[in-house]
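The sequence and structure come first.

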Amino acid sequence: MRWNTVECTGWGRVHRATSQVARPERLSTLSATLADTPAPGVGNRRSYGDACLNGDGHAVDMTRMDRILSFDRQTGVLEAEAGLTIGALAHVTAPQGWLPAVMPGTGRATLGGCAAMDVHGKNHHVAGSFGQHVLSVTLMQGDRRVVATPNRNKSLFRATMGGLGQTGVIAQLKLQLKPCPGTVLEVRERRIECFEDFIRALDGSQADYVVGWIDAAATGAHLGRGVLEEAQLTRGDTPPRSHSRKVPMDAPGFALSPPVVRLFNAAYYGRIPPGEGRARTRRIDDFFFPLDKIHDWNRLYGKRGFHQFQCVVPLDQVAALREILVEIAEAHLASPLAVLKRLGPGRAGHMSFPMEGYTLAVDFPARDGIEALIDQLEQLCRQAGGRLYLAKDALAHGEAIKAMYSEHGDWVAETAKADPDGAYETDMTRRLTLRSAR
Amino acid sequence: MSDSHTWIILGATSSMARAFARRVSAEGATVLLAGRDMEDMRKTAADLVARGGRAEALPFDARTPSGFDALVERGRTEPGVLNAAVFVGSMPEQSAIDADPGLIDGTVRDNFTGPAHLLHMLAPEIEARGAGTIVGVGSVAGDRGRVGNYVYGAAKAGFATYLSGLRNRLNRAGGHVITVKPGFVDTAMTWGIEGMFLVASPDAVARDILRAAAKGRNVIYTPFFWRWIMLIIRLIPEPVFKKLSI
Ligand SMILES: Cc1cc2nc3c(=O)[nH]c(=O)nc-3n(C[C@H](O)[C@H](O)[C@H](O)COP(=O)(O)OP(=O)(O)OC[C@H]3O[C@@H](n4cnc5c(N)ncnc54)[C@H](O)[C@@H]3O)c2cc1C
Ligand SMILES: NC(=O)c1ccc[n+]([C@@H]2O[C@H](COP(=O)([O-])OP(=O)(O)OC[C@H]3O[C@@H](n4cnc5c(N)ncnc54)[C@H](OP(=O)(O)O)[C@@H]3O)[C@@H](O)[C@H]2O)c1
């Protein structure tokens, strides 16, 4: 296998790394590569921070291993190579009546990346996490091939779901898909006036897919105002795809300056009529992956890149979440994209992010003052008994993360067995010293 | 497509071939994947079937003509229009060839004589059916012998000349031949090789080939601008060219 020197970044483009990257196109090359040089697997680098980086080391880019290996249309059981993207998968199976049970907000995430972060979707409160629908994973550990399922090699399976690639490279996965009546959703959007109303609306929603978009710049009486989106899969045809656009180069620094952000947010909110709101039918990809239509939108944040802060706090910590939101709004540093959602308890691994509660995700351009703000948010989240999402993180502290993830010790023990030499460590696991118990 | 189409894809483990197979399969063609790594091609076939297509993996080694009969026979059993696309090729480093000139034969086999042999066996069937397209993937490297890559280039040049003659022949019988000259493509062959620029994705090449097929083009460069780059390179007079290392 040839190694290519590649300069990589996470989606937030703050951390950078130069690595020797292999990109196998078939299983025999993958096993030969790992037998020779065990190295962490990476997907499309849609995690924001340094989870997908291994600076001055080796990495195995899995994106060329992207085939569906079997698909039973009667049972919805599908096996695929780990580099297949969740969007491509949905595109193939939805017209045949099946949809991945859990999809994150980008269709470009690979199945391997979805498993390694145990991702959640807009239906987490009803469907749980991605890993809860994985029937088996085939892991490559150096020259060994190991299959883990929820019943066989159980703790290896739990260490792998949400396990940041630390148990070896996932070569293929078997998934249980869920039936879908068509390729569209019935989407209802309505305005929410303030934070308290938002929590009430999230608690009261009966829909399968629920997500709140909040204006993280609004303060005072408007704090937490936004748009609630509720959707159900429904029978129906697919309206034609709107054209995708590409961000051709890094935007200048002012593109997402506070006044621009305020304008954007006001417009986003304003397009929904007050009261009943509006209802429309949307395609699966438009609804699940709204940002994928603009290729490389992360470049809108300019050269310095951006951070996403995502935390979850327990249901009884609404006050703490409000405090976090106040901090964010008053810092005047946030970007248009803030998401509020209620999560259920579903999780598949020791290091899975979800817990029953409310999750908030906010983007911040990497400007001066951001690190201090995010430090403070990290503390507020920890005090509330919540946790930060490692798929988004670039700045957290290892000690805090270990305190937030109560099964971290079990994960350390299991990854030590799977990878005694630390061959699958990444910049993130080193930064947070995640592979050691304290 | 009113007639049913079948594509025999030679060198089916190449990522360009895989992208091409997905595209013709999505258009409704039956795909016969031919190559050396059966385990891998069975996965590509499974993928096409999962996507709603018809596909099968068959053994083909360009250096073993004794196996060609079975493949051609299998192709003949498919009704409708029979097409073939050649992605077979190998590119040992020039330095390896310089150290072991014995590698020249294999390079010529893989890039030229092996595929030509097979296409020659298929040609009568295309003539008999009065239709069928052959796609032959050569390379811009075949347009001029360069110090860094001239054995591979020579094999591709031989293949291009062969395709030109085959085009001339099949044209009389309703068949068509497209010579494809990719520039740099982002595949396993070029991964990690230094000096790559303007690299195209395998799927962009596959798309260009199918567009060219629909338009009945004869020789295409992909991406298109390589036509102009190669024009300039071919225009450099030999007394100058021999001193260059490009
Ligand atoms: C616009 C956008 C929206 C998003 N929305 C959501 C959301 O709604 N919910 C959510 O949960 N997440 C969300 N994410 C995060 C994203 O889903 C995860 O970061 C996911 O892991 C990205 O997949 P990837 O293939 O790009 O993986 P990468 O970012 O390349 O890798 C992520 C981790 O997975 C490991 N990994 C990847 N492939 C393998 C493999 N084959 N074997 C072993 N380890 C592997 C890597 O080592 C790394 O630790 C979003 C991201 C973006 C950019
Ligand atoms: N990548 C580029 O920049 C570029 C540029 C111009 C032209 N090309 C040409 O494009 C074609 C596809 O190449 P690629 O870039 O996709 O590289 P690749 O992955 O190395 O593909 C080469 C293909 O040829 C097959 N092959 C080699 N020798 C064979 C033999 N004796 N018998 C049967 N099959 C054989 C390989 O099969 P195995 O898997 O069994 O080895 C593989 O399927 C080649 O003809 C190449 O010369 C490539």
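## Helix 1 against helix 7 in chain B

In this predicted model, helix 1 of chain B (residues 15-26) packs on helix 7 of chain B (residues 202-215). The angle between them is about 50°. Their axes lie 8 Å apart. At that angle, helix 1 of chain B is oblique to helix 7 of chain B. The crossing of helix 1 of chain B with helix 7 of chain B is right-handed.

## Helix 5 against helix 6 in chain B

Helix 5 of chain B and helix 6 of chain B also form a packed pair. Here the angle is about 10°, and the axes are 8 Å apart. Angles under 35 degrees count as roughly parallel, so helix 5 of chain B is roughly parallel to helix 6 of chain B. The contact between helix 5 of chain B and helix 6 of chain B comprises 17 nonpolar, 4 polar and 3 charged residues.

## The site of ligand 2

Which chains surround ligand 2? Residues from both A and B do, so the site is shared between chains. The surrounding residues number 28. The closest are A:R26, B:T13, B:Y152, B:V185 and B:T187. By class, the shell around ligand 2 divides into 11 nonpolar, 11 polar and 6 charged residues.

Polar atoms of chain B approach ligand 2 at several points. A side-chain N or O atom of B:T13 is 2.4 Å from an oxygen atom of ligand 2. A polar backbone atom of B:A62 lies 2.8 Å from a nitrogen atom of the ligand. At B:G89, a polar backbone atom is 3.0 Å from an oxygen atom of ligand 2. On its own, ligand 2 has 880 Å² of accessible area, and the protein covers 92% of that. Three elements of chain B each give two or more residues to the shell around ligand 2: helix 1, helix 5 (103-129) and helix 6 (150-171).

## The site of ligand 1

Ligand 1 has 33 residues around it. Those that come nearest are A:G41, A:R46, A:S47, A:T110 and A:Y389. The shell around ligand 1 holds 18 nonpolar, 12 polar and 3 charged residues.

Which backbone atoms meet ligand 1? A backbone N or O atom of A:G43 is 2.8 Å from an oxygen atom of the ligand. A polar backbone atom of A:R45 lies 2.9 Å from an oxygen atom of ligand 1. For A:I170, a backbone N or O atom sits 2.8 Å from a nitrogen atom of ligand 1. The protein covers 96% of the 950 Å² of accessible area that ligand 1 has on its own. Strand 3 (41-42), helix 3 (111-116) and strand 10 (169-176) of chain A each supply two or more residues to the shell around ligand 1. Helix 3 of chain A gives the largest share, 3 residues.

## Backbone details

B:T222 and B:P223 are joined by a cis peptide bond. Its omega is about -10°. B:P223 belongs to the loop between strand 7 (219-222) and helix 8 (226-235) of chain B.

A:H332 is not glycine, yet its phi is positive, near 50°. The loop that holds A:H332 runs between helix 9 (318-331) and strand 19 (338-343) of chain A.

Terms used. Residues are numbered from 1 along each chain as its sequence is written. Chains are lettered from A and ligands numbered from 1 in the order in which they are written. This is a predicted model: local features need pLDDT of at least 70, side-chain atom pairs count only at pLDDT 80 or more; totals for chains, interfaces and linings use all residues. Side-chain values use heavy atoms; hydrogens and water are left out. A residue is near a molecule or strand if one of its heavy atoms lies within 4 Å of it. A polar contact is a pair of N or O atoms within 3.5 Å; within protein, one must be able to donate a hydrogen and the other to accept it, and residues adjacent in sequence count only if both atoms are side-chain atoms. Accessible areas come from the Shrake-Rupley method with a 1.4 Å probe; for residues, only the protein chains shown count as cover. Helices (H or I, at least four residues) and strands (E, at least two) are DSSP runs, numbered from the N terminus. Ala, Val, Leu, Ile, Met, Phe, Trp, Tyr, Cys and Pro count as nonpolar, Asp, Glu, Lys and Arg as charged, and the others, Gly among them, as polar. Axes are lines fitted to C-alpha atoms, for helices over the stretch in contact, and angles run from 0 to 180 degrees between N-to-C directions. Angles under 35 degrees count as roughly parallel, over 145 as roughly antiparallel, 65 to 115 as roughly perpendicular and the rest as oblique. A crossing is left-handed if the near helix is turned anticlockwise from the far one by less than a right angle, and right-handed if clockwise.
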